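Hi,

Here is the structure I promised to pass on. Please have a look at it first, and then read my notes below.

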Amino acid sequence: MSTASNSQTPNSTMAKTKELSKDTRKRIVDLYQTGKSESTIGKQLGVKKSTVGAIIRKWKAYKTTDNLPRSGAPRKISSRGVKMIMRTVSKNPRTTRGDLVNDLQRAGTTVTKVTISNTLQRQGIKSCSARRVPLLKPVHVQARLKFAREHMDDTAEDWENVMWSDETKVELFGINSTRCVWRKKNTELHPKNTIPTVKHGGGNIMLWGCISAKGTGRLIRVKDRMNGAMYREILSQNLLPSVRALKMKRGWVFQHDNDPKHTARATKEWLRKKHLKVLEWPSQSPDLNPKENLWRELKVHVARRQPQNITALERICMEEWAKIPATVCANLVKTYSNRLTSVIANKGYVTKY
């Protein structure tokens, strides 16, 4: 039984036509300019007459045979629709892609979540993880503005005479969990390419430290739950020695936040008896304390050394603290007025610092 009528040759009409080379397109134009017909050119070069005609028409219209930029598929969302979703995300940045899909659906446009993402990216908007910042109530916002305005005229020398203090918690394996590694295929379980983890984070330590524009003061580990009495003991044994070691000028100012231990009556009385001038501080304002920037830097350096237990964590914290150059502290304090400017510009809300 013959099957010839059902067979397909390799040169099936479904095959994609191969694009002509740049040299062939140029030869077509050259032959056309010598007076040869499209049919003759096609036979001579082994190219279809219709293709020759298309090359010649493009050359006549654009004086080139190169491929022209393609306009691409039309946008699925109209300019009006783009304005609508831009207004929505500007008003509520937490709007989901699904919400925007539904909004457009009600307006008569059906699109996917991917289209929403692409459209917003073309407008310079991309999805990012929301940063965690202190909760600011109206009273906090007003206090921050008041602080910034009252100190805008303070000089760099004024800020150089401030001793900044703070406490922080350093987690074992805390920052390491987000690190990336360069590795070859199928080596993901090699010890060098893994991050050790334990249940509940592996523990942490609490640190207290202080700095001034002249460098770092003392850093200590707070081993027990801190109360007012312990805090005053820390100040007695570490703040005043740090002041002497850094040779702070007469009339230096002490900064600490509004933690209840710091603002307790007994603590205020202790500070008064020591004749210490305390900087009035707005609550919920870690971005105004250059010490916070130093904490972040310290934690990054500690994480790189991958301490495996609490003892090693404490030791490495102390070692890395001792390595911090005085110039780092000086630069943080030197630009302090920029923080105040940012607070005012942000109308009292959290700044990039």
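A charge sits over a ring if NZ of Lys or CZ of Arg is within 6 Å of the ring centre and within 35 degrees of the ring normal. In this predicted model, the charged end of K63 is placed that way over the ring of W59, 4.8 Å from its centre. K291 also has its charged end over a ring, that of W295, and here the distance to the centre is 2.9 Å.

Since its ring and that of W321 have centres 5.8 Å apart and planes at 35°, the pair counts as tilted. This pair links distant parts of the chain: W295 belongs to helix α12 and W321 to helix α13 (residues 310–323), 26 residues apart. W295 is buried, with a relative accessible area of 1%, and W321 is buried too, at 5%.

The count of aromatic pairs comes to six. One of them is W159 with W164, which is stacked because the ring centres are 6.0 Å apart and the planes are at 25°.

Which side chain does the side chain of D287 meet in a polar contact? That of R144, at 2.9 Å. D287 lies in the loop between β5 (277–278) and α12 (290–304) and is buried, with a relative accessible area of 5%. Leaving aside neighbours within four places in sequence, D287 is in contact with R144, R339, V350, T351 and Y353.

Terms used: Residues numbered from 1 in each chain as written. Predicted model: local features only at pLDDT ≥ 70, side-chain atom pairs only at ≥ 80, totals over all residues. Heavy atoms only, no water. Helix = DSSP H or I, 4+ residues; strand = E, 2+ residues; numbered from the N terminus. Buried < 20%, exposed > 50% of the residue type's maximum accessible area, 1.4 Å probe, protein only. Polar contact = N/O pair within 3.5 Å; in protein donor to acceptor, adjacent residues only side chain to side chain. Contact = heavy atoms within 4.5 Å. Phe/Tyr/Trp six-rings, centres within 6.5 Å; stacked < 30°, edge-to-face > 60°.
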